[in-house]
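This briefing is written for a reader who has the sequence and the coordinates at hand. Please keep both in view while going through the points.

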Amino acid sequence: MTAPAPPTSTAPGLQGPTLRTQLRHTAGCVLAVEQGRSLSEVLPELVPALRPGVQALTFHALRHLGTARALVNQLVERKPAPPVQALMSSAVALLLDATDEHAPRYPAHTVVNQAVEAARQDRRTERQAAFVNACLRRFLREREALLAHVAADPVARWNHPLWWIERLQRDHPEHWRAILEANNQPGPMALRVNCRRVERAAYQQALEAIGLTATPTGSDGLVLDAPQPVERLPGFAQGHCSVQDAAAQMAADQLLEGRTWTAADRVLDACAAPGGKTAHLLERADLNLLALDVDPRRCERIEDTLQRLGLQATVRSADAAKPAAWWDGQPFDAILLDAPCTASGIVRRHPDVRWLRRASDVDALVRTQRGLLEALWPLLKPGGRLVYATCSVFRAEGDGQVQSFLVRHTDALHRPSPGHLLPGSAAPSGEFNDNPPGGYDGFFYARIDKALP
């Protein structure tokens, strides 16, 4: 994993991709998202030399896409073809005054010139280059009036779909604005130190020795002051650390705290890919751990993660919701269910998620989560514990799901656990346990113990 690098605006005769080339590919990425494709699928298709700059520009464009779309609609009499609209939206996003201190910045005339050249480079947009030029120059002339005109549009104001905004207003009436604002800023880069190989304090000193500053978080984490390519992290290839958000690192604490674990304890990580939480559990304790994922390719990622860190687990490709196909009949001492969800809590790192999801996805995913809980609960031995987690801020996928489960299962005991964590510093200090300012992604945790007979 490599943190997004700032794009380069290359003058003629210098090495590196030009802004026009980056803008053309950024427009392609934005268009792909608008057509329903994930950036995690699209960005790897780019040649490596282009990927960091295009990723940075695309992230910026998607964080301002609601505003940019609304402005483009004001600049045109008739909606342009999708490739043209994607290019214009990407360019307008660069022309906005961004509050994001990490935003790429270019002189306005450079953006206009390079966007027009980008239009000329693409056969889908080349005939509209003059049109793009005229619209962008009009935006520069009428900027304040156009911005005032779209200011009342909530999608333009908050850069999220309207259904998403309305759901947050219902779910978090006191914090919905702060959540949306946090979503439009990049998240910090957090590391998880492999305590089997190095102590956190020693690793922090190793970072300081190469000029990197980091702050401890949680039990094993360090938050870097600035994102870095993993190649620069001391001992990364040797398994000394992993990149994992501080919220995701809480899974191991929730599952393991309060008792001594041995290699005889059977633990299930039910939806394990890409393997970060699996690895953290094994870094912290010797366990007889089974890691499942329904996708065989994602299981390969789990294997790769464990190999780099020097850890071992049984990895199987299977549907956790259908135990008859994979369970050996022996109950588990603990189950981690990091369930499929809307990913509404990790929008800081995946700005495409908000534009890919639909309102109907929430109900569909709630049904999937419920099915997983019902399938896995019988596999847990009496006295065992289940940790239910989602990277979502929507209550239907968190507290609502758990409360419904508790009603259905009288042998389920809800233990103290973090509940909903909000992204960044969206909640007042102290309202959520250990939620430092600017710290966590949005997440939900509930620990549920099975009562003894």
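The points below cover the sheet, its strands, the helices and some individual residues.

The model is a predicted one, in which local features require pLDDT of at least 70 and side-chain atom pairs count only at pLDDT 80 or more, while totals for chains, interfaces and linings use all residues. Residues are numbered from 1 along each chain as its sequence is written, and side-chain values use heavy atoms, with hydrogens and water left out. Helices (H or I, at least four residues) and strands (E, at least two) are DSSP runs numbered from the N terminus.

**The sheet**

- Seven strands form an open sheet in the order E7-E6-E5-E8-E9-E11-E10, with mixed pairing; two strands pair if DSSP finds at least two bridges between them.
- Strand E7 (314-317) and strand E10 (412-421) are the edge strands, and each has a single partner, so one side of each lacks a neighbour in the sheet.
- From one strand to the next, the twist averages 15°.
- Helix H14 (residues 276-284) packs on the sheet, where it touches strand E5 (266-269), strand E6 (288-293), strand E8 (332-338) and E11. Contact means heavy atoms within 4.5 Å.
- The direction of H14 makes about 175° with that of E6; axes are lines fitted to C-alpha atoms, for helices over the stretch in contact, and angles run from 0 to 180 degrees between N-to-C directions.
- Helix H15 (residues 296-309) lies across E6 and E7 and runs at about 165° to E7.

**Strand E11 and its partners**

- E10 pairs with strand E11 (residues 443-450) in the antiparallel sense over seven bridges. Within this region, His 420 has Phe 444 of E11 as its bridge partner, and Ala 412 stands opposite Lys 450 of E11.
- Strand E9 (residues 380-390) also pairs with E11 in the antiparallel sense, over six bridges, and Val 387 stands opposite Arg 447 of E11.
- Eight of the eight residues of E11 are buried, so the strand is largely enclosed by the rest of the structure. Buried means under 20% relative accessible area, exposed over 50%, and partly exposed in between (1.4 Å probe, protein chains only).
- In a regular strand, side chains alternate between the two faces of the sheet. In E11, Phe 443, Tyr 445, Arg 447 and Asp 449 point one way, and Phe 444, Ala 446, Ile 448 and Lys 450 point the other way.

**Strand E6**

- Five of the six residues of E6 are buried, and the strand is mostly covered.
- E5 and E6 pair in the parallel sense over four bridges, and Val 267 stands opposite Leu 289 of E6.

**Helix H7**

- Helix H7 (residues 129-141) has 13 residues and spans 19 Å from its first C-alpha to its last, close to the 18 Å expected at 1.5 Å a residue. The expected span is 1.5 Å times one less than the number of residues.
- Its buried residues are Ala 129, Val 132, Cys 135, Leu 136 and Phe 139. Seen down the axis of H7, they fall within an arc of 130°, so they line one face of the helix; the arc is that of the directions from the helix axis to the C-beta atoms.
- Ala 130 and Arg 141, on the other side of H7, are exposed.
- The cover over the buried residues of H7 includes helix H4 (65-75), helix H5 (82-95), helix H6 (108-121) and helix H8 (143-150).

**Helices H1 and H5**

- Helix H1 (residues 19-34) packs with H5 at an angle of about 115°, and their axes are 8 Å apart.
- The contact involves residues of H1 including Leu 23, Ala 27 and Leu 31, and residues of H5 including Pro 82, Ala 86 and Leu 94.

**Individual residues**

- Most residues other than glycine have a negative phi, and most peptide bonds are trans.
- The peptide bond from Ala 273 to Pro 274 is cis, with omega near 5°, and Pro 274 lies in the loop between E5 and H14.
- Asn 159 is not a glycine, yet has a positive phi of about 55°. Asn 159 lies in the loop between helix H9 (154-158) and helix H10 (162-171) and, at 5% relative accessibility, counts as buried.
- Ala 343 has a positive phi near 60°. Ala 343 is placed in the loop between E8 and helix H16 (353-356) and counts as buried at 12% relative accessibility.
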